[in-house]
Amino acid sequence: MPELPDLVHVEDVLREALAGKTIAAARTGDPTVLRLMVREPFPALLAGRRLETIERRGQFMRFGLDGGLCIVVNAMLAGRYKLIGSGSADARKKDPRALGLALTFADAPELQYVDDKRMGKVYLARAEDEKTIPVYGELGLDLMSPAFTRAAFGKAIAGRRDQTRAFLMDKRALASIGNAYADEILFAAKIHPKTFCNKLAPAEIDALYAAIPRVLTDAIAEIRRRAEPIDVKVRDFLKVRGRDGKPCPVCGTVIRAVRVGDGDACFCPTCQPTGRKLFVDWSKLPPRSSGA
Ligand SMILES: [Zn+2]
């Protein structure tokens with residue numbers, strides 16, 4: 001469920017509420033969600049630890065603890081983070097079985113990671129071992145960092161023979177885009193979701209590169225503006241995702257859903273036609289300098 005723009009908001013809120021606080025106790029509703037990469041027993045080794053840093057990395061959330069320990073959460077499709085103030089209605093409820101991890105603090109709200117589908121994972125590791133966490137240690141370009149340049153993007157997409165949507169969602173290439181923002185980025189770049197990467201014209205790769213930070217930054221701004229609790233999914237402003245059967249906000253054509261790989265993509269058949277439409281007019285390109 002949470003994608004990069006959601007997680008940027010979660011990161012802001014958690015950092016504000018919890019950074020520097022000391023964990024009083026930890027518990028889980030389902031130990032199978034936990035991946036303990038340390039020898040010490042859970043939850044005893046978490047009590048009394050200071051939560052020093054909270055940082056999003058791709059689709060992961062990393063909680064840095066004192067003593068060189070860290071908690072790394074991969075929320076996958078259904079995981080969500082919640083902050084529960086003492087005295088709130090949630091605080092009086094029994095723990096859900098889907099409670100992956102709860103951390104309590106003497107002087108801050110309780111942090112819960114809840115995952116109804118139990119597809120996500122909570123890793124507890126020493127900092128020197130965290131690189132071995134699956135995917136996390138191999139994340140591709142950080143889309144919100146200065147390292148995400150046109151040249152780096154060109155290198156990541158060069159030689160790819162898969163569909164553009166699959167490439168966008170490959171976390172080892174780009175960190176990180178999920179189903180919703182893959183659709184939004186393709187719509188903004190006017191590229192059909194089934195287009196193969198090696199069929200993209202240079203101008204289309206330029207459009208795709210430009211669309212990624214634009215779509216993500218706009219979404220982050222909107223989610224921040226709405227300032228909903230962190231377990232609320234704010235998606236109603238999206239242009240094509242979840243809007244199949246409704247009119248395209250640009251041209252009015254009915255938005256369609258199509259099977260791409262193992263997921264469904266939403267797109268506008270008029271704004272995102274199949275086949276190349278941005279042909280390079282070679283006659284207008286400057287002549288190549290020798291050796292270039
Ligand atoms: Zn359209």
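I started with Val-13, which at 27% relative accessibility counts as partly exposed, the classes being buried under 20% relative accessible area, exposed over 50% and partly exposed in between, with a 1.4 Å probe and protein chains only. The model is predicted, and local features need pLDDT of at least 70, side-chain atom pairs count only at pLDDT 80 or more, and totals for chains, interfaces and linings use all residues. Residues are numbered from 1 along each chain as its sequence is written, and side-chain values use heavy atoms, with hydrogens and water left out.

I found Val-13 in helix α1, where helices (H or I, at least four residues) and strands (E, at least two) are DSSP runs numbered from the N terminus. Not counting residues up to four places away in sequence, Val-13 touches Leu-83 and Ile-230, contact being heavy atoms within 4.5 Å. I also looked up Val-13 and Glu-110, which are 97 residues apart in sequence and 13 Å apart in space, C-alpha to C-alpha.

Next I turned to the nonpolar cores, each a set of buried Ala, Val, Leu, Ile, Met, Phe, Trp, Tyr and Cys residues joined through side-chain atoms within 4.5 Å. The largest has 35 residues, and Phe-153, Leu-174, Leu-208 and Ile-212 have the most contacts inside it. Helices α1 (4-18), α3 (150-157), α4 (164-168), α5 (179-189) and α6 (202-226) each supply at least two residues of this core, and α6 gives the largest share, 10 residues. A second, separate core of 31 residues includes Ala-26, Met-61, Phe-63 and Ile-230.

I then checked the length of α6: its 25 residues should span 36 Å at 1.5 Å a residue, and the end C-alpha atoms are 37 Å apart, which agrees; the expected span is 1.5 Å times one less than the number of residues. I noted a kink of about 25° at Ala-211 in α6, shortly before the proline Pro-213, the bend being the angle between axes fitted to the seven residues ending there and the seven starting there.

Last, I looked at the zinc ion, which is coordinated by the SG atoms of Cys-248, Cys-251, Cys-268 and Cys-271 at 2.3 to 2.4 Å; donors are N, O and S atoms within 2.8 Å of the metal (3.2 Å for Na, K and Ca). The angles among the four donor atoms are 99 to 114°, and the site is tetrahedral, a class that requires all angles to lie between 85 and 135 degrees. Cys-268 counts as buried at 0% relative accessibility, and Cys-271 counts as buried at 9%.

Terms used:
Four donors count as tetrahedral if all angles lie between 85 and 135 degrees; four count as square planar and six as octahedral if opposite donors are over 155 degrees apart and all others between 65 and 115; anything else is irregular.
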